[in-house]
Amino acid sequence: MTTTHTTTGPGTTATGSGTTTARARVASLARAELTLLVRNKAALTYALLLPGSLTLSMTTFSSDIDLDKTGLNLATLVLPGSIGLALILAVYMNLVGVYVIRREELVLKRLRAGELTDAEILAGAALPAVLMGLVQCVLMVAAVGPALDASAPKAPLLAVLGVAAGLVLMPALAAATAAFTKTAESAQLTPMPMMLVSMLASGLFVPLDVMPDRVAAVCEWAPLTPVVDLVRAGWTGGMGAGEALKALATAAAWTALAGWTVRRRFPWEPRR
């Protein structure tokens, strides 16, 4: 007995035995988004080249910071920072534009008319950017590590946990930001506060240890700080189990807050 397949809409496929699984629907939408991403040469170039360019610039700046009292060297400062920067640029800033443009083009509205759930629509749209972010993190390790003579990670599991937490957190924050972004043009501006906060207050290229105590205490709660702390601890090994759990809990709290914002405020049609 054969099974026939007919396409019923974006991300949904009817079969002789019933509807598709959530995994198949998300994968189908992700393939479509990946095709659009590959065709968008400007966005692809921006996401792939800008993290490396900014890392090179920030390396010059970071080399002037006195790291003697921080327990860090230039490699353990810049390498985790470059990974955090890749997450911000390749995943977060890229996805804000994707969500807003798809909403303005009524793509999201049409997708909701099919089998796809809201979570599947957002996940499918995010998956190509998440994969690109993961590739960027690997490229940063492969390029920045040897360039700065970085040693092998002392606690690689912490670095993996940090990257994983970032790859979950960034799409959630992107969807939350898109909820407050009215047009595709403004999608170039609304992610800037998050980017600036991350670059200045999350320890990407300026360690919190060199900041005044009160400032550092506030910066510890910035969205990207726990991710950077975990990745950096992967190379330095200077994080206990309790600190790692606190960092993961902080990242999870920001993810949950972003998810709650999306459920309450995300508009699925153009905002007029």
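The model is predicted, so local features need pLDDT of at least 70 and side-chain atom pairs count only at pLDDT 80 or more, while totals for chains, interfaces and linings use all residues. Residues are numbered from 1 along each chain as its sequence is written, and side-chain values use heavy atoms, with hydrogens and water left out.

**Salt bridges**

Let us begin with the charged pairs. A salt bridge here is a side-chain nitrogen of Lys or Arg within 4 Å of a carboxyl oxygen of Asp or Glu. The whole structure holds seven of them, including these:

| Pair | Closest N to O |
|---|---|
| Arg 25 and Glu 115 | 3.5 Å |
| Arg 112 and Asp 118 | 2.9 Å |

Glu 120 sits in helix H5 and Arg 25 in helix H1, so their bridge ties together parts 95 residues apart in sequence. Helices are DSSP runs (H or I, at least four residues), and strands (E, at least two) are too, numbered from the N terminus. How exposed are the partners? Buried means under 20% relative accessible area, exposed over 50%, and partly exposed in between (1.4 Å probe, protein chains only). Arg 25 is buried at 9%, and Glu 120 is likewise buried at 9%. Glu 115, by contrast, is partly exposed at 25%. In the remaining pair of the table, Asp 118 is partly exposed at 31% and Arg 112 is partly exposed at 39%. Shared partners join Arg 25, Glu 115 and Glu 120 into one network of salt bridges.

**Surface patches**

Patches are built from residues with over 30% relative accessible area and no salt bridge, joining like charges within 9 Å and nonpolar side chains (Val, Leu, Ile, Met, Phe, Trp, Tyr) within 5 Å. The areas come from the Shrake-Rupley method with a 1.4 Å probe, and for residues only the protein chains shown count as cover.

Leu 157, Val 160 and Leu 161 make a nonpolar patch of about 280 Å². Leu 157 belongs to helix H6 (residues 156–179) and is exposed, at 61%.

**After helix H10, and the cysteines**

Trp 268 is found in the segment after H10 and is buried, at 11%. Its C-alpha atom is separated by 23 Å from that of Ala 90, 178 residues apart along the chain.

How many disulfides are there? With a disulfide taken as a pair of cysteine sulfur atoms within 2.5 Å, the count is zero. Cys 137 is buried at 4%, and Cys 219 is buried at 8%.
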